[in-house]
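Hi everyone, thanks for making the time. Let me put the structure up on the screen, and then we can walk through it together.

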Amino acid sequence: MSVCRDCCCGTEKVPGVDHAAQLAGLEDALGGVCRVRVTDCLDVCEQANVVVVQPSPQGRAAGGRPVWLGLVNDPGAVEDITAWVRAGGPGLAAPPAVLELYAIRPPNGPGGG
């Protein structure tokens with residue numbers, strides 16, 4: 001999993017979010033399940049905070065692809081993301097339906113920049 005923390009994501013430009021607690025919550029909830037990486041700008045600043053959920057090797061073998069999620073600024077969204085990843089993530093488990101509201105296109109992916 002990649003969590004953007006650069007010019008907009010994880011900064012005061014997204015008010016009302018405890019960014020440090022959000023990152024720590026992801027790391028705590030997913031310890032031993034997947035690595036949580038902090039990245040520089042992912043070029044979708046208007047969607048801050050951005051999280052990219054990569055499939056595990058098994059998930060990729062089953063056809064899973066990275067899923068980009070934007071506006072991840074609510075503790076409930078973080079809980080839904082961690083529950084999905086703990087259940088297997090892309091390719092192995094269907095995401096909670098609510099995560100469709102957070103799905104975004106990568107900046108240079110299909111239909112993107």
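Predicted model: local features only at pLDDT ≥ 70, side-chain atom pairs only at ≥ 80, totals over all residues.

Four strands make up an open sheet with mixed pairing, and their order is β2-β1-β3-β4. The edge positions belong to β2 (37-39) and β4 (67-69); each has a single partner strand, so one side of each is left without a neighbour in the sheet. On average, neighbouring strands here are turned by 25 degrees against each other, ignoring direction.

How do β1 and β3 pair? Strand β1, residues 2-4, runs antiparallel to strand β3, residues 51-53, and two bridges join them.

Now for the pockets. The largest pocket holds about 230 Å³ of space. Its lining counts 14 residues, and those nearest the centre are V33, C34, Q54, P55 and S56. Sorted by class, that lining has seven nonpolar, four polar and three charged residues.

The second largest pocket has a volume of about 150 Å³. Which helices each supply at least two residues of its lining? Those are α1 (19-30) and α3 (75-87), with α3 giving the largest share, three residues. Among the lining residues you'll find A21, Q22, P75, V78 and E79, as well as G16 and D18. By class, this lining comes to four nonpolar, three polar and three charged residues.

Notes. Residues numbered from 1 in each chain as written. Heavy atoms only, no water. Pairing = 2+ DSSP bridges. Axes fitted to C-alpha atoms, helices over the stretch in contact; angles between N-to-C directions. 1 Å grid on protein atoms, 1.4 Å probe; cavity = no way out; pocket = protein on both sides within 12 Å on 5 of 7 lines; lining within 4 Å. Points joined across faces, edges and corners; volume = space filled by probe spheres on them. Nonpolar A, V, L, I, M, F, W, Y, C, P; charged D, E, K, R; others polar.
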